[in-house]
2 protein chains.
Amino acid sequence: MILTVSLNPAVDRTAEVDELKPGCVNRLKHVKDYPGGKGINVTRVLRILGADVIATGFTGGYTGKFIEEAVRECGAESAFEETKAPVRTNLNIISADGSVTEILEPGSFIGEEVISRFLVKYEEHLDRADIAVFSGSLPQGVPVDFYGRLISMAKKKNVKTILDCSGEALREGIKACPDLIKPNIKELSDLFGQKTDSMEAVKGLAEMIRQEGVKNVCVSLGEKGLLLDDSDGYHFAEAIKLEPVNTVGCGDAAVAALAYSFDRGDTGEIALKMAVAVSAANTQERESGKFSVQLMDEYLKIVKVNHTIHREV
Amino acid sequence: MILTVSLNPAVDRTAEVDELKPGCVNRLKHVKDYPGGKGINVTRVLRILGADVIATGFTGGYTGKFIEEAVRECGAESAFEETKAPVRTNLNIISADGSVTEILEPGSFIGEEVISRFLVKYEEHLDRADIAVFSGSLPQGVPVDFYGRLISMAKKKNVKTILDCSGEALREGIKACPDLIKPNIKELSDLFGQKTDSMEAVKGLAEMIRQEGVKNVCVSLGEKGLLLDDSDGYHFAEAIKLEPVNTVGCGDAAVAALAYSFDRGDTGEIALKMAVAVSAANTQERESGKFSVQLMDEYLKIVKVNHTIHREV
């Protein structure tokens, strides 16, 4: 059983407009809502892979109901702690000239009482979980070391942990030594406050994190591919060359594939292949958190992994 | 029992931003959702007045659930026909300089099957209703003479009818001779395609509509006041001078008051006083569809109605 933790989910709304004019009345066309937030994408991808999933975190209001319904519809167990404020909606407005205006809501403020209730239930969920996946930003009110705390609780119950977030939440989370983190190259650079413009630099920073006790560090390099640094050394897989339909949620698809593979006991090499194939299949869908298993199977046949050992850096 | 018909309700979302920049990421502050749409405002105001209300129309999706919950919360019976597409959300973004950007969604498309199901239920609701109030725009898919059809069905069952809409829907609705319409001065001008810059012009147009068979024509003149043209002549009530908190939904408050008063069998003069007082009390609330009964009572004492007979025009 895989436990996914989404503390700050969102409804992703996309719409079109001829030209967005501030201070005026703007009429949208082709409005569509999708369940969003990194952990929700991970949940849905895991379900397509066939994993048993419990999805927890915070939801609230009528937008929360939409998220919970999507979670149940994909066949995962919905076990969210309810907040009073509704889940935020993020609006992406695409103008006729192709420019995109993002109008993002702040996540709702989570009070101490809700956090306490969540922690009690979270501990119970851990008893049924083999892996816990923590994805996305922390909502207001949740302390910056919260992921670290959740990771420590999971480790005490021998539940493996995967953390995918950025900034301070990632820095603090790393201190609790999750089994895997998956920063993208920008998140990795931000963590160290330095540019990482070469593969060697990326490898060096990944290995520094591994030396701090994070067993597996997977760095997404965008259209270049994925690097996994584990006890065997570096595994690098080039991304599959494709014309993407939508690249949003590709990192989440990779995280889901890694969690699924780790749960099966796959080697790092196989896990990385899965991550590249699922992520590539995800780029071919308009909607995040979806992919074609048939495409994944095709891609799995062509992914190549290049292995180097640590001392070669 | 008063039946309110909301064919195109909306979630009204208000939010603040420093400066809205097209093509960029914009982070909203102080986001708040309100149940919206003219018929929903009418429903809520009627409930505060103490009327028994059945609210019908079209809702759908998770936003529809929010509307239905608001209807039930105010104590009205929620009897909406469910559509597949979610109820639209209208976003009002207030910039730091005070300018407002409105981002409006199109109403969802209503299919013939849903319309047929609605008509069956509508006929049943009419059996329990004394007055039916039709408010707001028609969603896509609904024919432009739909209000006319609903009004004719109501009249066959001796249910009084009030129509508050604009443009073609109003023009077509008038043909079925509702008991009351409440255009604002702009809607009245648009109907005749001519400017109405004097009280005499307004009176003339109102009387033309009355001669076509609409028994009562109430024209809202914004901060000037309300004019009611009925079989007794013209009743004009000056608006109460107030610093408004929010003028959105004031027309709906007036419609609700007129419906309530007509249901009680009040004279035109008393109905008009109610409309002015409730509408004024509504301007003192941030939220549409709300008002203080205490304020209404205070205002009722100071509203003055000026009566002139038809031949004076």
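In which loop of chain B does B:C177 lie? I found B:C177 in the loop between α5 (167-174) and β11 (180-181) of chain B. Helices here are DSSP runs of H or I with at least four residues, strands are E runs of at least two, and both are numbered from the N terminus.

Some housekeeping before I go on. This is a predicted model, in which local features need pLDDT of at least 70 and side-chain atom pairs count only at pLDDT 80 or more, while totals for chains, interfaces and linings use all residues. Residues are numbered from 1 along each chain as its sequence is written, chains are lettered from A and ligands numbered from 1 in the order in which they are written, and side-chain values use heavy atoms, with hydrogens and water left out.

**Entry: positive phi**

Most residues other than glycine have a negative phi. I noted B:C177 for its positive phi, near 55°, in a residue other than glycine. B:C177 counts as buried, at 18% relative accessibility. My cut-offs are under 20% relative accessible area for buried, over 50% for exposed and partly exposed in between, with a 1.4 Å probe and protein chains only.

I also logged B:H30, another residue that is not glycine, with a positive phi near 50°. B:H30 sits in strand β4 (residues 29-36) of chain B. Is B:H30 buried or exposed? I have B:H30 as exposed, because its relative accessible area is 55%.

I checked helix α8 (residues 250-264) of chain B for its length. Its 15 residues reach 21 Å from first C-alpha to last, close to the 21 Å expected at 1.5 Å a residue. The expected span is 1.5 Å times one less than the number of residues. I found α8(B) mostly covered, with 12 of its 15 residues buried; among them are B:C250, B:D252, B:Y260 and B:F262. Just after α8(B), B:G265 takes a positive phi of about 85°.

The buried residues of α2(A) include A:Y62, A:F66, A:E68 and A:V71. A:G75 follows α2(A) and has a positive phi, near 95°.

**Entry: α9 of chain A**

How do α9 and α10 of chain A cross? The axes of α9 (residues 268-282) and α10 (residues 293-302) of chain A come within 8 Å and cross at roughly 135°. That makes α9(A) oblique to α10(A). Axes are lines fitted to C-alpha atoms, for helices over the stretch in contact, and angles run from 0 to 180 degrees between N-to-C directions. Angles under 35 degrees count as roughly parallel, over 145 as roughly antiparallel, 65 to 115 as roughly perpendicular and the rest as oblique.

Contact, in my notes, means heavy atoms within 4.5 Å. From α9(A), I listed A:K273, A:M274, A:A277, A:V278, A:A280 and A:A281 as meeting A:L295, A:M296, A:Y299 and A:L300 of α10(A).

A:S279 lies in α9 of chain A and is buried, at a relative accessible area of 14%. Not counting residues up to four places away in sequence, A:S279 touches A:C250, A:A253 and A:A254. A:N282 is also in α9 of chain A, and at 1% relative accessibility A:N282 counts as buried. Leaving aside neighbours within four places in sequence, A:N282 has contacts that include A:N246, A:G249, A:E287 and A:F291.

**Entry: a loop glutamate in chain B**

Where is B:E287? I located B:E287 in the loop between α9 (268-282) and α10 (293-302) of chain B. B:E287 counts as buried, at 16% relative accessibility. B:E287 and B:G249 are 38 residues apart in sequence and 8.7 Å apart in space, C-alpha to C-alpha. Leaving aside neighbours within four places in sequence, B:E287 is in contact with B:Y34, B:P35, B:R44, B:N246 and B:N282.
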